[in-house]
Amino acid sequence: MPKVLVSDPVDQAGIDILSQVAQVDVRTSLPLEELVKVVPDYDALMIRSGTKVTAEVIEAGRNLKIIGRAGVGVDNVDVPAATRRGIVVVNSPEGNTIAAAEHALAMMLSLSRYIPSADQSVKSGEWNRKAFTGVEVYKKTLGVVGLGKIGSHVATVARAMGMRLLAFDPYISSERAEELGCRLVDLDLLLQEADYITLHIPKTPDTTHLINAEALAKMKPTARIVNCARGGIIDEAALATALEQGVIAGAALDVYEQEPLAETGLRSLGKAAVLTPHLGASTAEAQVNVAIDVAEQIRDVLLGLPARSAVNIPGLRPDILERLRPYLQLAETLGNFVGQLAGGRIEQLHIRLQGDLAEIDTKPIVIAALKGLLSHALQERVNYVNASLEAKERGIHVIETRDSEIKDYTGSLYLSAKGSLGTHSVTGVLLGGTEIRITDMDNFPINVPPTKYMLFTLHRDMPGIIGKIGSLLGSFNVNIASMQVGRKIVRGDAVMVLSIDDPLPEGILAEITKVPGIREAYTVAL
Ligand SMILES: NC(=O)c1ccc[n+]([C@@H]2O[C@H](COP(=O)([O-])OP(=O)(O)OC[C@H]3O[C@@H](n4cnc5c(N)ncnc54)[C@H](O)[C@@H]3O)[C@@H](O)[C@H]2O)c1
Ligand SMILES: O=C(O)[C@H](O)COP(=O)(O)O
């Protein structure tokens with residue numbers, strides 16, 4: 001009988017499902033070294049946000065086949081390490097949506113009426129009605145940052161409470177925002193106009209410290225902010241200072257840069273701050289939902305069946321998957337790449353299978369390309385099962401074509417995306433059947449392997465330009481790992497591709513575009 005380790009508190013409903021097919025051991029709050037010691041015995045691990053499934057744990061879990069996260073965020077799991085080991089990682093993308101949305105709304109009302117501080121005051125023997133005069137949310141403006149599942153529900157309820165709604169989400173169409181009664185605006189306008197701001201976005205390099213001192217300074221002195229998404233989206237030190245100095249009026253936090261919350265200035269902010277210990281998903285209903293959702297997937301994978309919300313592998317038949325794996329990787333990488341070049345709001349994706357590749361099944365390739373295209377916006381939420389649906393809901397028009405006549409290399413994949421930054425294209429091949437090479441970008445021939453951080457310029461092919469970019473990057477302490485230029489004609493238009501060791505520091509892209517001869521500059525992070 002397979003063995004499942006449940007290392008965080010999950011609802012009994014999930015344990016009952018697992019017990020039908022496996023021996024289930026519930027051992028919560030295990031220190032890391034203990035977890036590393038016991039994990040080799042287990043075929044599956046079921047967790048919430050408490051257990052940190054590091055590369056060390058994954059390495060030790062030599063029998064692990066699946067890691068099930070009873071919740072949404074898999075940021076406590078080293079997913080690339082699991083993928084490399086062939087371990088399926090599954091989550092429950094929707095089981096706690098309502099719980100998290102209701103918690104954000106409760107936090108907004110708690111902030112407005114000082115409920116936690118008033119409660120404390122009464123319990124300590126006081127009867128102080130004057131200190132806790134609040135404000136109403138009715139007819140106030142709520143700025144929703146991230147109009148996905150949780151943000152949409154918050155918007156729907158807030159609208160029913162008579163609030164005016166603004167939303168910032170670069171990956172959502174204005175039609176979808178209008179359906180929810182929201183005016184889609186840019187972040188600056190939202191910061192300036194909102195009385196309340198609620199964050200419902202994933203934590204990514206783009207959203208880390210999105211709310212920093214500069215953003216806080218743009219907000220009204222009466223504004224209040226709620227973060228029930230992920231710690232680190234708000235710069236906590238800047239927030240504590242802003243609250244102390246009256247830059248804004250209040251903040252309610254459920255998530256923190258470090259959890260459990262360390263001794264920080266946040267704990268001594270009085271009634272201007274409402275703090276909860278990551279309780280967004282902690283309702284009876286959500287815990288039953290996520291436990292059942294994830295336990296069923298663990299059971300299915302242990303029985304050799306596919307999982308419906310796999311974060312890291314396609315929901316395709318294992319034999320097909322094995323055969324197509326390198327092509328799926330190629331399509332996903334190119335999708336991610338071209339999606340970033342074309343900007344957030346993608347309207348159209350054209351996928352062309354060329355040469356020998358034209359003979360393989362298009363469907364999984366299209367799904368993989370869409371998964372890559374949406375991964376910047378949706379992170380672990382998008383998988384091979386929901387990529388097509390997510391693309392459809394975002395109004396992305398997909399065109400699939402094949403051309404067996406195009407014979408550059410034996411087979412190649414061409415993707416072209418039309419988005420808010422214009423139309424961009426990329427072509428890639430598999431060298432030796434496994435190694436990805438980008439062979440064309442925006443119709444300029446190149447030959448580069450994709451790397452984690454890349455910088456591209458479209459420029460005039462003229463002497464000195466490469467040196468200028470090199471010096472500029474050097475002056476910002478950016479190390480160049482490799483560099484290549486592609487051009488169609490001498491002294492005409494050209495493209496430069498640089499692999500860099502770290503993400504580009506803020507502001508440098510604007511400096512690059514000021515260099516004479518540079519027309520456009522883009523970064524891609526894979
Ligand atoms: N506190 C909790 O216990 C709790 C519970 C559940 C979920 N969460 C967190 O809540 C967040 C939202 O979850 P969800 O299920 O609604 O996710 P979702 O994927 O449905 O929605 C996220 C939205 O954010 C948008 N987005 C991505 N990058 C953005 C950016 N840079 N700026 C603006 N918008 C951006 C996406 O387009 C998407 O519409 C996640 O971080 C999740 O981990 C927390
Ligand atoms: O990502 C999630 O689902 C939430 O952050 C909830 O985390 P939890 O399961 O630890 O409550």
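Student: How do E7 and E8 pair, and over how many bridges?

Tutor: In this predicted model, strand E7, residues 164–168, pairs with E8 in the parallel sense over 3 bridges. Two strands count as paired if DSSP finds at least two bridges between them, and strands are DSSP runs (E, at least two residues) numbered from the N terminus.

Student: Which residue stands opposite arginine 183 in E8?

Tutor: That is leucine 166.

Student: What is the strand order of the open sheet of 7 strands?

Tutor: The order is E8-E7-E6-E9-E10-E11-E12, with parallel pairing. Strands E8 (182–184) and E12 (273–275) stand at the edges with a single partner strand each, so one side of each has no neighbour in the sheet. On average, neighbouring strands here are turned by 15 degrees against each other, direction ignored; the axes are lines fitted to C-alpha atoms.

Student: And what about the open sheet of 5 strands, what is its order?

Tutor: That sheet runs E2-E1-E3-E4-E5, and the pairing is parallel. Its edge strands are E2 (23–26) and E5 (88–90), each of which pairs on one side only. Within it, strand E1 (residues 3–6) is joined to strand E3 (residues 44–47) by 3 bridges, and valine 4 stands opposite alanine 44 in E3.

Student: Changing topic: which residues surround ligand 2?

Tutor: Among them are Arg48, Ser49, Arg69, Asn96, Arg230 and His278; a residue belongs here if one of its heavy atoms lies within 4 Å of the ligand. By class, the shell has 3 nonpolar, 5 polar and 3 charged residues, with Asp, Glu, Lys and Arg as charged, Ala, Val, Leu, Ile, Met, Phe, Trp, Tyr, Cys and Pro as nonpolar, and the others, Gly among them, as polar.

Student: Which distances separate the polar side-chain atoms of serine 49 and arginine 230 from an oxygen atom of ligand 2?

Tutor: For serine 49 the distance is 2.3 Å, and for arginine 230 it is 2.6 Å. An N or O atom in the side chain of asparagine 96 lies 2.9 Å from an oxygen atom of the ligand. The protein covers 91% of the 310 Å² of accessible area that ligand 2 has on its own (Shrake-Rupley method, 1.4 Å probe).

Student: Where are the domains?

Tutor: An automatic or database assignment gives domain 1 (3–94 + 286–302), domain 2 (97–275), domain 3 (316–446) and domain 4 (451–526). The centres of domains 1 and 4, taken over C-alpha atoms, are 43 Å apart.

Student: What conventions apply here?

Tutor: Residues are numbered from 1 along each chain as its sequence is written, while chains are lettered from A and ligands numbered from 1 in the order in which they are written. Local features need pLDDT of at least 70, side-chain atom pairs count only at pLDDT 80 or more, and totals for chains, interfaces and linings use all residues, while side-chain values use heavy atoms, with hydrogens and water left out.

How values were computed
A polar contact is a pair of N or O atoms within 3.5 Å; within protein, one must be able to donate a hydrogen and the other to accept it, and residues adjacent in sequence count only if both atoms are side-chain atoms. Helices (H or I, at least four residues) and strands (E, at least two) are DSSP runs, numbered from the N terminus. Axes are lines fitted to C-alpha atoms, for helices over the stretch in contact, and angles run from 0 to 180 degrees between N-to-C directions.
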